[in-house]
Amino acid sequence: MAVALIGNPNVGKSSVLNRLCGSSIFVSNYPGTSVEVTKTKFNVVNRDVDIYDTPGIYSLHSPGEEQRVVKEMLKSEDIELILNIVDATNLERNLVLTYELLELGIPVVVVVNQIDRARVMGIKIDPRKMRSLLHSPVILFSAVSGEGLVQLIRVLESGDFAAQIDKPGMGKKVAVDLSLSGRYGERGKGYVIPTETSINEADLERAKKARDTAKFVTTQMKAGQKIWLERIQNILDHPVIGVVLLLFFAYLGFLLLLKSIELSEGPISTVLEPVNRLIGHLISEILPSGIVSSVLSKAVPEGLIIPFTIIMPAMLMVSLLMSILEDTGLLPRYSVALERAGSFFGVSGQAVIPLSLGFGCRTPAILATRIMPSEAERFIVITLLSIVIPCAATLGIMASVVSTFEAYLPVIVLTMLATLTILGFILSRIMPGESVFVYELPPLRLPMWSNVWSKVKVRFSGFFTEVLPLLLLMNIIIRALMESGLLNIFHDMENFTRFLFGIPAEAFVAVLITIFQRYLAPLVLLNLPLTPREATIAITMIALSLPCLPVMVMTVREIGLKGLIKVLIMAFSTSFAVGIILNCILPF
Amino acid sequence: MTLRDMKVGQKAKIIKIDKGSYAQRRLFEIGLVPGAEVKLLSRHPFRGPLVLQIGNAKIAVGRGIAASVKIELLEN
């Protein structure tokens, strides 16, 4: 049995599902969290139910990734029931999609979520009146308190969904009234999936029906007392004070990040040191003495220091901060506050969401670019993410290299900012697109810690599965290359790299190593005798270079190989151009 | 009169949207359709976005779009 969860963005589809199955899907308080259809298995009375959780959409007829994904699912899967999740506090808009879904001919159960919040706001909804208009079961639901859960499970248990529908003619097998819109072309498994996207009479008709229905079933009473969260929200949404506060919070976040790394470094090193000595000792004891043994006994302990003392706390902290931002509903407020700044790069304010996610890890950030309203903007954001935005791991390593060589931090930061500006400016000029800034501000809420925790877990799990093993492996390879003297080959390039970029050949090798993992490249630098000037140029070139391997994989998945090649060409040119320019302007 | 000309606190009814089909679609999605009632909550400085209330939702729209939405003021 297959059931699809469909609804507007930010109505709590995933939290309904969480209530139902107790799974740990990402549930965030900002539009555009689930960008893919996720399938969850659920068991009711010995029957397997496949529940498809879909990205939030406002209308089946809209263009865009989310809508495409949902329509694709409706076509390819044999969906027997649609659970249409609607927001109790915003029926007028939510019901437009409901009416579209009813036209599909698949049985629909309307789950009126967030009924608890609606009551606080003084909104009363009559489910019987609503059922009489929609001819489909209506369940008042609260993912927070669990209200309506029993009813919902009972519906799923009954199995015979078509029987739940009141009026003959709304059932699955009966033909749908196609004359209403006259644009149902594509046929899925028995259903007709809308293909056209421009606004027409039928859309306006549905909007009117939704408005009338909402008016008929809701009674607005005097709102209960204003909760303090709402007061805070009003301050944060103030056009001047709010923006200042939001920027201040962001600043505090970065401060907290730096401080936590600084504070944790000491205790972690104290624990790590004896462990490392033991590992080094064990390796040289077990392996027969020779090059392998000497490389490994040095490289493995060395390779553990930076990941554990810097990258681990950074990734943890960034995951935590990002999760809180998402869960509270603060993130979209940043989009609005920074709309002006975004427009300068030719992207909408919501670009802030993937870009700031990128400071944590760029792999999920690339996925989050799906919330961009147009393909052109999406490409711009992916490019900026790939080339300019340093992820937490990169930042950690860069910090250690900067302090080791006393490189010029202001130069590095300024160069990166300048590159971001110039690159964004150029991209937005060569890829013009109609920018439509329309964005919903979800109500502010306290973070649900179980949510935050599950997100931190998922984000951070990459540390042990990907970051640590790769860092260790690369450290061993680099060690081996140095011990074997193979790197000397590049001495022939010395004149070339000195002339162009003002850095020794080995440092240039580090720039090339970014192909594997950007945050590994600075490791090579740590083992070289560099002057502050050389270190500054080399770090900046690395910071503004290729995306790491996981990001490249993701980019191909999202915008295709052609898109990736474009990004890579730009990345190499940017890195080289920055190197040459810095070499020309930095004093010796 | 357009959305952009509204003063903070004023309420209005949407009459017409003069914009390409893509923008119309986006506005339609978030409930900005002819017939809908909106209230202007705030305007961000430096020609930043306008924040509107439609139903119980808060919606931010850019000025460019706001200028293309024809409205009729409602008595408070």
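In strand 4 of chain B, I59(B) is the bridge partner of E440(A), and strand 4 of chain B pairs with strand 11 (residues 438-441) of chain A in the antiparallel sense over 4 bridges, where pairing requires that DSSP finds at least two bridges between two strands. This is a predicted model, in which local features need pLDDT of at least 70 and side-chain atom pairs count only at pLDDT 80 or more, while totals for chains, interfaces and linings use all residues. Residues are numbered from 1 along each chain as its sequence is written, and chains are lettered from A and ligands numbered from 1 in the order in which they are written.

**Contact between the chains**
- The contact takes 31 residues from chain A and 32 residues from chain B, with residues in contact if their C-beta atoms, placed from the backbone, lie within 7 Å.
- Helix 1 (21-29), strand 2 (37-43) and strand 4 (57-61) of chain B each supply at least two residues of the side that touches chain A, and helix 1 of chain B gives the most, with 9 residues.

**Helices 16 and 22 of chain A**
- Helix 16 (residues 392-405) of chain A and helix 22 (residues 532-543) of chain A pack at an angle of about 170 degrees, with their axes 9 Å apart; these helices are therefore roughly antiparallel to each other (angles over 145 degrees count as such).
- T394(A), M398(A), V401(A), V402(A) and F405(A) in helix 16 of chain A meet P532(A), A535(A), I539(A) and A543(A) in helix 22 of chain A.

Notes. Axes are lines fitted to C-alpha atoms, for helices over the stretch in contact, and angles run from 0 to 180 degrees between N-to-C directions. Angles under 35 degrees count as roughly parallel, over 145 as roughly antiparallel, 65 to 115 as roughly perpendicular and the rest as oblique. Two residues are in contact if their C-beta atoms, placed from the backbone, lie within 7 Å.
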